[in-house]
Amino acid sequence: MSLRVLSVNLLKNNRNFIQNAVRNSKGPGVQALALAPYATQVTVQATPAAVQKQKVSKAMKAYLERAKEHDDFMKTQDLEFQIGKRHLANMMGADAETFTQEDIDEAIAYLFPSGLFDKRARPAMRSPEEVFPARKAAEFDETGRPFHSMFYTGKPNFFQLLHDIVEETNKLYDLEERMLRRGNKPDENQKLETAGFQLLPKDQLERVLVEHIADIEYQNFTNAMDRLISLPYSYKSKAFIERYLKPLIDQSKQLEVPKPKIDDQGRQYITTYECLRKTARADVTVRLPGTGKITINGQDISYFSSEECKEQLLFPLNYSEMLGKVDVEANVEGGGPSGQAGAIRWGIAMSLRSFVDQEMIESMRLAGLLTRDYRRRERKKYGQEGARRKYTWKKR
Amino acid sequence: MFRKQFGNLSRVSTHLSRNVLAARVASREAEMSTNAAPAEAATAPPVVNEFRTGVGNPGEHSEVQIGKFYTIPMQEKKQIFSGGGLPKQYEQQIKTFTEACLMVRSPALELLNYIKRADLSKPVVRYVLYGDNGVGKTLSMAHVLHYGMLNDFLLVHVPWAPNWMKRPKESANSASQEGFIDLPFDAAAWLVHFKTQNSKLLERLQLKTSKEYVWSKRESTPAGSSLIELVEHGIARIKYASETTAALISELKQLATAGQCKIMVAIDGYNAFFHPITRIFSDNKQRVSPDRITLTQPFLDITNYDWTNGVCILSVDKIAMTEGYMESYLPRYLLGKEGFEHLDPFVPVHVGNYTEKEFTSYIKYYLDRHWISKTQPGFEEQLKFMSNMNPYTLMQLVRGL
Amino acid sequence: MSMYPSHFAEPSLKKETNRSSASHIPVKAATNDLSDSIFYGELKNKLIKYITKKGNKSLARELLTETFETIKRTQIERLILAGTEKENIIIDSEQLLKNAIENARPLLQLSAIKRGGVKYQVPVPVTEKKSYFLAMKWLLDAAREKDRKVHLPEKLAWEILDAACGQGRVIKKKNDLHRQCESNRAYAHYRWS
């Protein structure tokens, strides 16, 4: 009996021990852990012979077997990866010790060039922790007693996270109270910068927690985090919060603005090729010292018979106040009038960026002129009359 | 209920517009214009503005007045255009603005210059107005018609020739010519129009027919009867209206060559006479070509160059073609081989889009008449861009503003 | 597949200076009916969409243009006949449309709530968007109701003019609705029962 208890305690202690040991060790395992801190390498210590006679339930046995298999599998994969890395380094003539992941990517792209569009479909070589999805460690010991106190919720990591958020929030409330009593105010300079950040989206959160989350639960998480961030003293919990924030790309500085060229008459011009909108394809040239002339496929603006299409061409020029100052030439084919007008409008807006200052470019972006409209016709589905419309429902 | 009152009032307003309102409008204009002209009771005084001119007689228009509007007095407008001749939307505009204003533009001026300097003793010169859709051919013709009326020309005016080819009120087999079809109601309508336009002149000139016309066993018009009688006969006896028109026109040709009157022929949409088919069906349900219609013959006749003492102004239009889509607006293409040979030689007059000056003046006129209510800064440029200076497109765009 | 992700922002046509917060948010592409010219109006655009049938938006646009033309003509006639009260007569059709819709917007509407087996008509406040929608829908219904010989632009023009003055069927409908809501005040608490 005591031996059993001892073995259980040994297991428990060993588990923590091993976790810490692995965490502290340096090597390829560290990266994986950074990604999935809640998943650790599965370890099942060999117990003393005396305890092995204890009857383990079939489920527990199967689980232990699976865990062991996965563990061994990961070890072999890791070994293969290391060997492969050395071979690759030898092939490329580089030093095997200092061969980083970037070097591996370059080498593979050189040796196996692929024309596939999706980058995820191309051949790649990465460490097994990145390739295989993280799995949870042993959640309960041999006797079936779970390690995490919230195991029976089904999603212990997630609910632990929610509890942590609440704990932080309460801490900050107390802090605020204390500061108010003393008459202090929160430090404005240290306020959390949330403008360039977004909370982790649901799929990424799932990956971090190694658990499946429902939409409502994600919403709860979002609400709780928002409340935490909105507190005046939230900068005190900055480290905790930043683990769950994702930086957004700065949209305004994303695209490069091309420089205008000079044609034979000495006018500056910019051509935007491949302006697509809904099967229409256009090439648009905008020339700078101009009189506001428009030419579409050789005709003037009466190429479009409907007023709406003409208004679309007017929109970017009017918005950026370059109405009478530039000349526009466009060649367009494919699509219908509306699609062609949209394509030319996008072309004009993109070309005008080179002739206008940064503020105006930002205004145009916010007006939606610079976004490529990728909407296409939605496909008709079987069992329905159209893309969305269902057949008339008859009760009998 | 509100609506009904104002419905009545709008009818009242057209009544008023002729006399009393003219004075009110005049007084309002007088307030606005820089030169306050004294308001007369019966006629609106000519107000001189940057977009209006006081010169009412087209004969006195010159390059100074290009881009400016002049008003046609209501009586003259009724006299010339009550049978057609002005586009429908323009008529509506006249009603709303309570005045008929035409802009003086260079094609019309060019035509007027030619007519003024023409030597009427030589064979008739034919002028052909051509241009894209909606540039102002019909209104230029209206301008020239006004001049003609004021200068004692006898007007032979077909408001829109394709109407006869496309939408005849009724077609009947011709009595006198075998295999031909005539359009009794349309011919009668044209005779009424002719009468309204020229009754005063005809009374004054006392023109007489030269030969006798026998319509049927019992009816005939003796030689030496006045043209007015001939016209009235055609209106009264619709059955013979087409033949009456033919007779009338041949009489007019002889009279003009004899020097008793000068004639101005104005036909809008002339290329309808040369289109291969019309929309009129013969007895055996087949479409006929224009030369089997009795009404085409006299008008083709009068546009020949075998008479003197007159002017011919024709216009060719893409939309005048009865069926099908025409790619080009050039006369040679629209008239086809036959028409071109028939009309050759002629003087082509090109009517184009607005110039900058004309455009600005038009916008100012609209603002004056309260027709444009969105006057944000830069609206003129937007309109210029969207309409590409085309008069018709501009009118359509401004409707909803 | 082609819909935008949820964090994309709607396009806005105002040129504001303070935009530091928005510089990280991507913006959806502007649709084909948005524009900042004199021909575009937000309410006008919405009304065109409500008039559209079977996807024929160009026809709906034509009809609305004709409506505005009719309104303009009537107002110009009134202006000419008015004489002294010139300033009160508005000729701008879009302004009149806005006035008409503002006058016709309901504040409350009745919704059927079932309590104890009985369906009560309970007065319930109306959101802003819904109120605009209801006003425009009533205008169009009233315009389509009348006799078939008269075309939609004229009928719609008369309805708009009436509503802008505060008379006519649409205003009557709104007032009837308000009166009914007032009379059903007693059931208001059923909303939260």
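Is Glu341(B) buried or exposed? I looked this up before anything else. Glu341(B) is exposed, at a relative accessible area of 52%; by the cut-offs, buried is under 20% relative accessible area, exposed is over 50%, and partly exposed is in between, with a 1.4 Å probe and protein chains only.

**Ground rules.** I am reading a predicted model, in which local features need pLDDT of at least 70, side-chain atom pairs count only at pLDDT 80 or more, and totals for chains, interfaces and linings use all residues. Residues are numbered from 1 along each chain as its sequence is written, chains are lettered from A and ligands numbered from 1 in the order in which they are written, and side-chain values use heavy atoms, with hydrogens and water left out.

**Entry: salt bridges.** I searched the whole structure and noted 46 salt bridges over all chains. The term stands for a side-chain nitrogen of Lys or Arg within 4 Å of a carboxyl oxygen of Asp or Glu.

I went back to Glu341(B) and found its side chain in a salt bridge with that of Lys337(B), 3.3 Å from N to O. Both residues lie in helix 12 (residues 331–343) of chain B, 4 residues apart, about one turn of the helix. Helices here are DSSP runs of H or I with at least four residues, strands are runs of E with at least two, and both are numbered from the N terminus. Lys337(B) is exposed too, at 58% relative accessibility.

I also noted a network, joined by salt bridges that share partners, of Arg399(B), Glu62(C), Glu69(C) and Arg73(C).

Next I checked Arg204(B), which forms a salt bridge with Asp152(B) at 3.0 Å, N to O. Arg204(B) lies in helix 8 (residues 184–205) of chain B and Asp152(B) in the loop between helix 6 (137–150) and strand 4 (153–158), so the pair ties together parts 52 residues apart in sequence. Arg204(B) is exposed at 56%, while Asp152(B) is partly exposed at 36%.

Asp283(A) is buried at 18%, and Arg281(A) is partly exposed at 27%.

**Entry: nonpolar core.** I looked for sets of buried Ala, Val, Leu, Ile, Met, Phe, Trp, Tyr and Cys residues joined through side-chain atoms within 4.5 Å. The largest such core has 70 residues, and Val284(A), Ile344(A), Leu383(B) and Phe385(B) touch the most other members. Helix 12 (residues 337–352) of chain A gives the most to this core, with 8 residues. Apart from it lies another core of 57 residues, including Val231(B) and Leu255(B).
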